[in-house]
Amino acid sequence: MQMKPLAELFGIPEETQQEDLSVQIMELALSEVRDFSDHPFAVKMDADMAELVESVKQNGVLHPGIARPMRDGGYEIIAGHRRKMACSLAGISSMPFMVREYSDEEAVIIMVESNIQRSRVSIREKAFSYRMHMEAQKRLTAAGREKRSQDMPGGKEKAETGRSDEILARRTGESRNTIQRYIRLTYLIPELMDMTDAGRIPMITASDLSYLNSRQQTELFGYMEAHHIVPSGEQAKILKEISRKGSNFTSEELLNSIFSEGKAADRRNLVFKKNTLSEYFPKNYKTEDMEKVIIGLLKQWRKEQGIRDTGQIPGQTDIETLEGGRYMPG
């Protein structure tokens, strides 16, 4: 297979390519290449993968992956997990990789940055990859070993400096606050993370819930399941403050009081102007007659929409009503 120049593939200046003899393009057997440890990005068997498999069958792997040699033999993929899977599904036993020595920290940074720009990245994938990136960047900085960006794919001539979240913000286009909020999600128990990733808990609400310890989160999740609710943003903040103060969190009575707070305030009258309604009713209809018709129509509408009466407290979000939607972070 004829490979494209390294500089064209990875944005490395030609003079750097010539000087760095440790960079090699190698055709590696898939059996010799292991997946990246704790790889946070899922390799999905979806339509995109089917398209990639067909492309590999027709054209081969056009762009090599990135790998590093391991001390105990074999290689570890840093970038190219989807291409490796596509080759396997296409019945191809090897693929090209750019191979060189990378430290653990450099490998993590390259792995995250080569995957995070994909068009479809889940909340869970972003959360754990951002955390891995920031922890690796902090270790590099603490050790006085700034990221060797001139040696890394697409790197600049000088290593970036600054806070680890600032560096990640520049590379992803996310704000520092958003990145920190994503990282907070990694402290959720699996059940609450699943709900957040599925869009059943808004990201900001989930971020506040992440400050609860694992026992408190487990108790909260049980309460949510039993009552078919998720906390509102305000309720999540209250739970966060209670947890921070070290107050007792095990009482169901306490949770009942939090989730019923504001109930009276949410009971509001909906007022229509008489002129607004009069055009829809005969002139001889009294107010109570109009009300009966409106209530009857609302009941019919609720039945057609499949909405059931769950005894939901106003201001809370019923879990079932969110299953078809998805909250995305701002």
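## Helices across the sheet

In this predicted model, helix α4 (residues 81–89) lies across β2, β3, β4 (75–79) and β5, running at about 115° to β4. Helix α5 (residues 104–115) lies across β3 and β4, at about 45° to β4. Contact means heavy atoms within 4.5 Å; axes are lines fitted to C-alpha atoms, for helices over the stretch in contact, with angles from 0 to 180 degrees between N-to-C directions. Helices (H or I, at least four residues) and strands (E, at least two) are DSSP runs numbered from the N terminus.

## The sheet

The open sheet has five strands in the order β1-β5-β3-β4-β2, with mixed pairing (pairing requires at least two DSSP bridges). Because β1 (24–29) and β2 (33–34) stand at the edges with a single partner strand each, one side of each lacks a neighbour in the sheet. Strands β3 (residues 65–69) and β5 (residues 94–99) run parallel and are joined by three bridges; glycine 65 stands opposite phenylalanine 97 in β5.

## Nonpolar cores

The largest nonpolar core has 51 residues, of which Ile78, Leu185 and Leu192 touch the most other members. Such a core is a set of buried Ala, Val, Leu, Ile, Met, Phe, Trp, Tyr and Cys residues joined through side-chain atoms within 4.5 Å, where buried means under 20% relative accessible area (1.4 Å probe, protein chains only). Helix α6 (residues 123–142) supplies the largest share, seven residues. Apart from this core lies another, of 17 residues, including Leu28 and Ile77.

## Basis of the values

Residues are numbered from 1 along each chain as its sequence is written, and side-chain values use heavy atoms, leaving out hydrogens and water. Local features need pLDDT of at least 70 and side-chain atom pairs count only at pLDDT 80 or more, while totals for chains, interfaces and linings use all residues.

Conventions. Buried means under 20% relative accessible area, exposed over 50%, partly exposed in between (1.4 Å probe, protein chains only).
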